[in-house]
Amino acid sequence: MPELPEVETTRRGIEPHLLGRTIAAVTVRQPKLRWPVPAALPQLLMGQRIERVERRAKYLLLPFPAGTLVLHLGMSGSLRIISAGEPPMAHDHLDIALDSGQALRLTDPRRFGAALWMEGDAFAHPLLSALGPEPLSEAFDGDYLFERARGRSAPVKTFLMDGHVVVGVGNIYANEALFAAGIRPDRAAGRIARERYLRLADEVKRILAYAIQRGGTTLRDFVGGDGKPGYFQQELFAYGRGGEPCKVCRTELTEVRLGQRSTVYCRICQR
Ligand SMILES: [Zn+2]
């Protein structure tokens with residue numbers, strides 16, 4: 001599933017091909033995505049010039065004077081830049097052709113992705129207005145996490161993955177950040193000291209920034225290929241390593257389910 005680093009890597013990969021370009025044609029082959037693709041989308045986008053390619057949480061936003069095109073990759077979606085004439089494959093649901101002869105193509109086998117049109121201020125839309133701060137912004141830090149955690153009995157990992165608290169900390173990155181910060185994922189969010197939240201916020205930022213940077217090395221793949229995850233299996237300390245030895249203390253890692261998500265931690269290194 002594309003997580004925040006992959007979506008940001010996608011944004012950086014497609015941006016240079018889109019900026020300053022005018023939309024020449026829009027082809028919707030499959031309107032039944034997570035929400036129906038608006039029938040008016042081709043007319044709304046035709047002739048519009050792309051001035052910005054933005055991201056909020058895992059949504060990609062292309063703002064225009066009359067409204068904003070909002071794209072989401074769902075569980076299995078990807079965006080690529082192709083030559084406008086490239087024949088579509090089975091799961092290529094949407095093409096946005098540009099005056100450059102290239103096109104932006106949305107591919108999504110499981111169809112949990114989205115292509116929406118939001119009139120006016122997209123950030124006031126219910127999908128976006130209730131979201132927590134961006135993890136790499138100044139608004140997100142340990143003091144913020146500590147204050148938001150007051151009175152919360154939910155496990156800290158569930159709390160950290162709540163998009164109303166902070167956006168974009170998916171399961172991989174929550175497991176890794178809690179390992180790096182030495183915090184047990186099942187500890188109640190409201191019972192963790194401020195100092196430990198300072199460490200946790202720093203680790204969330206460090207790990208996400210690193211994943212985005214690694215994703216950046218595969219930017220060329222956005223032309224004619226698929227994006228790759230920003231993180232590589234061999235770099236992970238916790239996620240996907242249940243039953244394997246801790247890379248720090250060699251203790252066998254414990255795997256449990258929290259909020260129905262696989263959760264791995266070291267009972268020695270994380271308290
Ligand atoms: Zn350990």
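The model is predicted: local features need pLDDT of at least 70, side-chain atom pairs count only at pLDDT 80 or more, and totals for chains, interfaces and linings use all residues. Residues are numbered from 1 along each chain as its sequence is written, and side-chain values use heavy atoms, with hydrogens and water left out.

**The zinc site**

Select the zinc ion first. Its donors (N, O and S atoms within 2.8 Å of the metal, or 3.2 Å for Na, K and Ca; water is not among the atoms, so sites may look incomplete) are the SG atoms of Cys246, Cys249, Cys266 and Cys269, at 2.2 to 2.4 Å. The angles between the four donor atoms run from 97 to 113°, which makes the arrangement tetrahedral; four donors count as such if all angles lie between 85 and 135 degrees. Along the chain, the donors follow the spacing C-x2-C-x16-C-x2-C. Cys246 lies in the loop between helix H7 (194-215) and strand S9 (254-258), and Cys269, 23 residues apart from it, in the segment after strand S10 (261-265). Helices (H or I, at least four residues) and strands (E, at least two) are DSSP runs, numbered from the N terminus.

Now compare accessibility, where buried means under 20% relative accessible area, exposed over 50%, and partly exposed in between (1.4 Å probe, protein chains only). Cys246 is buried, at 0%, whereas Cys269 is partly exposed, at 25%.

Next, select residues 59-64, strand S3: six of the six are buried, so the strand is largely enclosed by the rest of the structure. Tyr59, Leu61 and Pro63 point one way, while Leu60, Leu62 and Phe64 point the other way.

Arg56 stands opposite Tyr59. Two residues lie between the strands of this hairpin, where Ala57 takes a positive phi near 55°.

Leu69 in S4 is the bridge partner of Leu62. S3 and S4 also form a hairpin, with two residues between them.

Definitions and conventions:
Four donors count as tetrahedral if all angles lie between 85 and 135 degrees; four count as square planar and six as octahedral if opposite donors are over 155 degrees apart and all others between 65 and 115; anything else is irregular. Two strands pair if DSSP finds at least two bridges between them.
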